[in-house]
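Subject: Structure handover

Dear colleague,

Please find the structure we discussed below. My notes on it follow.

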Amino acid sequence: MTDSSGKSLLLVEDNTDDLELALRAFKLNNLPHDVQIARDGSEALDRLLGRTGSAPLPTVVLLDLNLPKVDGLTVLKRLRADARTALLPVVILTSSSEQVDLVASYRNGANSFVRKPVSFGDFVVTMRRIAGYWLSLNQTPEPGDTSTN
Amino acid sequence: MLPPPRWSTLSLRSKGLFVVALPVLPLAIFWSLTAVALARREAPPNTAGPNMAVQSALARVFSVLLDADAGARDYLLTDNADALTRYEQAVARLPREMAALDEGLSGAHMRALHNELRTAVDDELAILDRIARGHSPPTPWIPERVALDRSAANLSHIRGLTTVMQERLVGVAAIRAFQTEVAGSVLVWILLIGSLVCTGAGFAAAIVVAGGLSRRISILARNADRLARGEALHAPPLGEDEIGQLDRRFREASRLLRSREAELRARTAELEATNRELEAFSYSVSHDLRAPLRAIDGFTELLESEYQRTLDDAGRDALGRVRRAAQRMGTLIDELLNLSRLTRADLTREPIDLTETVASIIDDVSRHHPPRPIEVRIEPGLSVEADPHLVRIALHNLIDNAWKYTARSARPRIEIGASPNGTTKVFHVRDNGVGFDMQYAGKLFGAFQRLHTERDFEGSGIGLAIVQRIVNRHGGRIWAESAIDAGAAFHFTLEPAPPEGP
């Protein structure tokens, strides 16, 4: 599933509709990257922290806040607490418009906070802006990796 | 037997009476003692008169007897009739003097002396009678010489008696005088000690009573302080008198206050719980309602783009309507959330340059609408002390409305200004747009209430509800005046009305 550029995206989303729409938005934006999917917080943690051997980290994680089992904020905290994922780009993608969620997300190390728009057109544009941005970066920053190429 | 009333249960009136009575009681005792002493002091002058009268009566009795003796003796020796007359006159005076003497004497010893005197006087009268009568028919058995001798001896005896009586009378007078003097000095002492005792008793009573009063009043004052601070009151009650009653009222007030406070706390907790529920509700509205809308919009778009060829015009129109409805519902949910957020947001007042704010809003609004010539009049120097963020939202809504509803006016005009009403500043946003029927003015500020069809003027119907809520949160009032096709004016204040009422 990994494409030639070696870049992948992990989408953590429990809502099947939102999942379908996100995949469609990626397609419409011509983001032919490897998209991995986790359906809840614990699955996301398994994939990112429980991975074995040399399985590469995704380039960016799109993380919903309201998730079954382990909620998004807890996932974010665990990722930031682990040296391997401390610098992994994480974009919070949520329906919430609450100031408290925004503040909590940035406090816990989110790289970006994006509210899911109701309009699909807006959603496509949003996906282009955030996922496209992170995926267009050449290299996923790894701890100790100072190379910029 | 009834137990004596406790001091603490006595009323202040009784305590006051006690303080007055305490020195009065010994004063009364000393007054009566003084009266007795005075009575005893006044007794001697009453007895001094008779004493002197008795003394002179004694002297007179003796001199009358001497006169009688001299007369009888002269008559015997000279045969002179004048001498006989003098003798008889003296004898005639004697009973009166003896009677005076008899009247004035008192005491058993004096009585005895007096009886002896009376006997001696009777003897003397008998002797003198013999001397006087013996002269004309001379008595043979008593020679005149012997009679004269006996008279002289008897007179001497009488002199002795009167002298003894005199001395006794003088002695009694001296004792009386001494007694009077002693009584006087006792009186002085009684008065002195009495006044000291009364003063002391008065001071003692005043110190005890006033000390108790001031101590309890200061406890009362401390209790009043505690009452004001809402603390528990000083434990022991302050007796049964008026101060005690006041103390009890304080306690009752404190108890009442505390129970009210507890009630208030319970109600506040209830309100906080309700508020939290509301917040949770709005959060869930925000999250849960928007997700299905997103799905509706997204999949309708999919249908539109992927199945374009299999859909006819009616189908595409229907899908277009579904998408517009979903997006509109999304807007409504967002607006509703904004409205609920406005109610919860903190309000911080600071001075605002409204003229500048309005100019910036006009700039903002004009960018969001198709460009057209609108005459905008902003009163210079508008200022207010209010929450800048909220006031901006309110004015934005009002100006946006004015912009919208003047779309069909030939020469659109918007005026923003203020006029004083008493001490309150009344702001207004006026336009010459389509206006509305005042009949529906009551529905104007309700959420989702619209007076125009969406086809004529788009909008969520929540803008004026937001404006009213912002005005209300400032304690102000908002009202509108309009007529169809005659423009509309919105007036509002941003401070509570003065207490006198509108």
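A nonpolar core here is a set of buried Ala, Val, Leu, Ile, Met, Phe, Trp, Tyr and Cys residues joined through C-beta atoms within 7 Å. Buried means that 20 or more other C-beta atoms lie within 10 Å of the residue's own, exposed means 12 or fewer, and partly exposed is in between, with C-beta atoms placed from the backbone. The model is predicted: local features need pLDDT of at least 70, side-chain atom pairs count only at pLDDT 80 or more, and totals for chains, interfaces and linings use all residues. Residues are numbered from 1 along each chain as its sequence is written, while chains are lettered from A and ligands numbered from 1 in the order in which they are written.

**Cores**

The largest nonpolar core holds 37 residues, and B:Ala394, B:Leu398, B:Ile399 and B:Val467 have the most contacts inside it. Among the chain B elements that give it two or more residues are helix H7 (354–368), helix H8 (388–405) and helix H9 (463–473); helices (H or I, at least four residues) and strands (E, at least two) are DSSP runs, numbered from the N terminus. H8(B) gives the most, with nine residues. Leaving aside neighbours within four places in sequence, B:Val467 is in contact (C-beta atoms, placed from the backbone, within 7 Å) with B:Ala394, B:Asn397, B:Leu398 and B:Ile478. A second, separate core has 34 residues, including A:Leu67 and A:Ile92.

**Sheet in chain A**

Five strands form an open sheet in the order S2-S1-S3-S4-S5, with parallel pairing; strands pair if DSSP finds at least two bridges between them. S2 and S5 (112–115) stand at the edges with a single partner strand each, so one side of each has no neighbour in the sheet. Strand S1 (residues 8–12) has four of its five residues buried. Five bridges link S1(A) to S2 (residues 34–38), and four link S1(A) to S3 (residues 60–63). A:Val12 stands opposite A:Ala38 in S2(A) and opposite A:Leu63 in S3(A).

**Helix pair in chain B**

Helix H6 (residues 313–344) and H9(B) pack at about 0 degrees, with their axes 10 Å apart. Axes are lines fitted to C-alpha atoms, for helices over the stretch in contact, and angles run from 0 to 180 degrees between N-to-C directions. H6(B) and H9(B) are therefore roughly parallel, a term for angles under 35 degrees. Residues of H6(B) in the contact include B:Leu339 and B:Leu342, which belong to the group that meets B:Ala465, B:Ile466, B:Arg469 and B:Ile470 in H9(B).

Regards

Terms used: Two residues are in contact if their C-beta atoms, placed from the backbone, lie within 7 Å. Angles under 35 degrees count as roughly parallel, over 145 as roughly antiparallel, 65 to 115 as roughly perpendicular and the rest as oblique.
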